Amino acid sequence: MLEEYSRVYAKIDLDAVHSNVENMYNAMPRGTNILAVVKTDGYGFGAVPISRMLMKEPYVWGFATATAEEAFELREAGVSKPILVLGYTFPYAYDRMLKENIRPAVFRYDMLKQLSERVKKRRNLGGNEVFHVHIAVDCGMSRIGVRPDADGMNFFKTALETEGIEVEGIFTHFARADEADLTNAHDSHKIFSRFVNDLEAETGYHIPLKHCSNSASIIDMPEAHMDMVRCGVTMYGMWPSDEVSRDKIKISPVMSIYSHISFIKDISEGTPVSYGGTFVADKRMRVATIPVGYGDGYPRSLSGGRGYVLIHGEKARILGRVCMDQFMVDVSHIPNAMEGDEVILIGEAEGEFGDDFVEKITVEELGDLSGRFNYEFTCNLNHRVPRLYERDGRILKDSEI
Ligand SMILES: *Cc1c(COP(=O)(O)O)cnc(C)c1O
């Protein structure tokens with residue numbers, strides 16, 4: 001491992017991302033497109049390397065981001081497939097989106113008007129692009145989207161008549177597809193299907209891409225796949241929730257995080273550890289300092305013994321508070337732990353006694369221990385943690401990413 005990654009690095013297994021997406025695809029009827037959701041820098045895993053890899057797959061129709069800037073970043077990195085911005089996009093971004101064929105989600109009349117004006121302006125300058133839009137429909141989330149009612153119908157007709165706009169898709173988002181009881185999601189799906197049927201029947205316009213499924217419904221509501229599914233969290237090897245089936249699709253973890261012990265010392269009984277002295281040694285102890293903290297996105301809520309790391313394949317419990325850039329763990333039971341030894345924050349320890357004894361920390365477990373979502377953790381892991389990408393069992397060079 002390169003010296004510059006000694007403090008901390010996250011290893012992203014691109015082979016696992018690839019097989020996770022492929023497993024999703026294979027679980028659906030042939031012809032279902034995948035819209036790979038890579039918002040928030042691909043949930044913290046790296047939108048660019050993942051999109052560059054997946055754009056080569058014919059079944060990946062394109063990519064979804066939350067903001068226009070995330071879409072621009074992908075274009076700059078050479079991602080040429082369609083990109084849909086899932087949220088509301090503010091008007092400052094429209095000119096560039098038009099030039100780069102980035103699809104906005106639409107659900108406001110003023111937005112249709114402004115998009116159309118940008119197209120006309122560009123035509124006067126010799127451009128011939130149009131906006132391919134996806135209409136967002138609110139079927140129970142109350143976030144963004146037109147309602148599936150008469151006004152929604154009117155919005156659809158207005159979009160069809162608006163110069164410079166082509167309705168390429170229509171979508172809704174489930175509020176409760178990750179629960180054991182799927183009544184609510186089934187109802188939303190029914191409302192959405194009926195609404196889309198009505199739109200098409202009344203106007204005679206065929207909407208090419210209808211989509212509503214996220215990861216949870218890809219797994220547990222295969223009947224809702226429609227033309228395309230939006231695959232996010234499972235792509236990154238994480239489960240949407242505890243209530244989603246685990247036996248239908250195989251998902252492998254993608255991220256491991258490694259650090260190295262920066263300091264080791266013995267402390268005597270009665271010695272406080274870290275800010276506030278919230279932990280006081282009740283006996284003689286061996287303590288290792290890890291040079292990572294909440295400034296990296298490692299949750300402060302793991303303080304006070306809630307979290308642990310793996311050293312020499314054994315669990316080492318966090319002592320006292322996690323600081324911004326460092327935290328301490330108990331290695332009293334790991335006498336051979338030394339300064340410079342590897343520390344696993346997320347991942348599997350290679351078993352010293354064969355695979356049967358492998359200790360591991362999953363993102364799920366770390367999320368549970370810290371009182372957060374699994375992907376809240378990966379999204380918050382910030383740029384101070386370098387990402388290394390592994391493909392075919394080998395770490396890629398920057399030029400290969
Ligand atoms: C984030 C998001 C998704 C992806 O959801 P996952 O549960 O991560 O698969 C799909 N659709 C919309 C609208 C989203 O905002």
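Colleague: What makes the crossing of α7 and α8 right-handed?
Modeller: α7 passes α8 in a right-handed crossing, because the near helix is turned clockwise from the far one by less than a right angle. This is a predicted model, where local features need pLDDT of at least 70, side-chain atom pairs count only at pLDDT 80 or more, and totals for chains, interfaces and linings use all residues. Residues are numbered from 1 along each chain as its sequence is written, and side-chain values use heavy atoms, without hydrogens and water.

Colleague: Why are α7 and α8 called oblique?
Modeller: Helix α7 (residues 150-161) and helix α8 (residues 183-203) pack at about 50°. Angles under 35 degrees count as roughly parallel, over 145 as roughly antiparallel, 65 to 115 as roughly perpendicular and the rest as oblique. The pair is therefore oblique.

Colleague: What makes R391 and D15 a salt bridge?
Modeller: Their closest N and O atoms are 2.7 Å apart. A salt bridge needs a side-chain nitrogen of Lys or Arg within 4 Å of a carboxyl oxygen of Asp or Glu, so the pair counts. R391 lies in strand β20 and D15 in helix α1, so the bridge ties together parts that are 376 residues apart in sequence.

Colleague: Why does R391 count as partly exposed?
Modeller: R391 has 24% relative accessibility. Buried means under 20% relative accessible area, exposed over 50%, partly exposed in between (1.4 Å probe, protein chains only). R391 therefore counts as partly exposed.

Colleague: Which side chain does E200 meet in a salt bridge?
Modeller: E200 meets K210, at 3.2 Å from N to O. Both residues are buried.

Technical notes. Axes fitted to C-alpha atoms, helices over the stretch in contact; angles between N-to-C directions. Helix = DSSP H or I, 4+ residues; strand = E, 2+ residues; numbered from the N terminus.
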